[in-house]
Amino acid sequence: MPSSSSFCAIDFGTSNSAIAIPRENGSGGMRLVELEGAQTTMPTAVFYYVEGKHDADGPPRAFGRAAVAAYVEGADGRLMRSMKSILGSGLIDQTTDVGGGRGVKYSDILSGYLKRLRNSALTAGAPAPLNKLVLGRPVFFVDGEPKRDAQAQASLEAAAHAVGFDEVHFQFEPIAAAFDFEQHSEREQIVLVADIGGGTSDFSVVRVGPERMNRVDRRDDILANHGVHIAGTDFDRHVELASILREFGYRSYGPERAGAPAREVPSGVYFDLATWHLINTVYSPGRVAELRNMRSFYGNLQHHQRLMTVVEDHLGHELAGRAEAAKIAVANGGDTVIDLGVVENGLQIELSETAAVAAIGPDIERITQAAREAVAQAGLVPDQIDALYFTGGSTGLRLLAERIAADYPAAVHVRGDRFASVATGLGLHAARLFR
């Protein structure tokens, strides 16, 4: 007979994902599944190959690091990243071209990734039928639009049902991180969780402690939740626009015509190239033809030539990746040089810490303000926060963490596992909920 302990927890992140299952020894504990070698997290990425044998689910695919590697190695196909950003948008029900004249619905791409996580858990020893699930979710999928936010959760739940999960529960990601922090708490505390990943910056004020941790209903311990749809991929976009894409015509001007002042080059293509889940839209034949015909719009024809190299050689993800690497290098201290020789021999761009701060400074201020609002909604002042718990990949940025911490000088600053704290906490919640 199937085990009654057929449950798991999934942290479906913008940049990375993980899944937790019960331990085999009956201890009641949870463990993270090794998804790629010894790695318990993997990039939220799917690569669709153009060539190869088809299976029943559509064109051949690679997931996680294998998907990123396929793209980097120049395989012919389509890379999909930051799929979580599609939730709550009109794209979720649309079909996208994955090469070779084939199309796949975005919703099917999302469910295919969840299926990969579920299959990994079963292979790792999760008891069948594995039909109960706790899914993490941000405080807001969509800022200030409750209807679209509800639609985003409904789309994610539908994807989970489509791959075999009959019972699906949601838990806020920063609440899950608080449960992870609580494992090591020796006394009752009020913790402000800062969960800042690739797509959202979420904050929760939670009362934790050893005498509370085994309670299933923790609603009275959750004092406030707040968040904004701004995080790591937004930083990447601003850095790319402020530095890299300037050398490709962004914010440049065309020639003067008949005494009229020069006009700024249309910026739509640059915003799409700097947004992970929109990069591939620039590669459609119609879009490429349109951009090719815009040569006369450019006062500096070298800008247009570089742009067409990016579009025709499908280098958009390469530029986005280099912007991300430059952001990390600068945010952790010091200037850096961005090598763009992949586009043009010898092309390099210097990015200073001052320029990077100017590019992402407004986003950092909005994030720190969201933390302040969470504390205010809890009816507290900063000095009443006992601990500040950092989790999520973007909390590794020194500048961002320091700006948040500066508002809570009396709090103990604790860093969790940036990529696994939420998954661990979701697993703890699943164990309490389903056992």
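## Surroundings of Leucine 380

Not counting residues up to four places away in sequence, leucine 380 touches Ile190, Val205, Leu223, Val375 and Ile385, where contact means heavy atoms within 4.5 Å. The model is predicted, so that local features need pLDDT of at least 70 and side-chain atom pairs count only at pLDDT 80 or more, while totals for chains, interfaces and linings use all residues. Residues are numbered from 1 along each chain as its sequence is written, and side-chain values use heavy atoms, with hydrogens and water left out.

Leucine 380 is located in the loop that runs between helix H10 (353-377) and strand E17 (387-391); helices (H or I, at least four residues) and strands (E, at least two) are DSSP runs numbered from the N terminus. With a relative accessible area of 16%, leucine 380 is buried (under 20% relative accessible area; exposed is over 50%, partly exposed in between; 1.4 Å probe, protein chains only). Valine 205 is 175 residues from leucine 380 in sequence, and their C-alpha atoms are 9.5 Å apart in space.

## Covering of Helix H5

Helix H5 (residues 232-242) is mostly covered, with nine of its eleven residues buried. Among them are Phe235, Arg237, Val239 and Leu241. The cover over the buried residues of H5 includes helix H6 (268-273), helix H9 (316-331), strand E16 (348-351), H10 and helix H11 (398-405).

## Crossing of H2 and H3

The axes of helix H2 (residues 106-123) and helix H3 (residues 146-162) come within 9 Å and cross at roughly 55°. Axes are lines fitted to C-alpha atoms, for helices over the stretch in contact, with angles from 0 to 180 degrees between N-to-C directions. The contact is made by Leu110, Ser111 and Leu114 of H2 and by Leu156, Ala159, Ala160 and Ala162 of H3.
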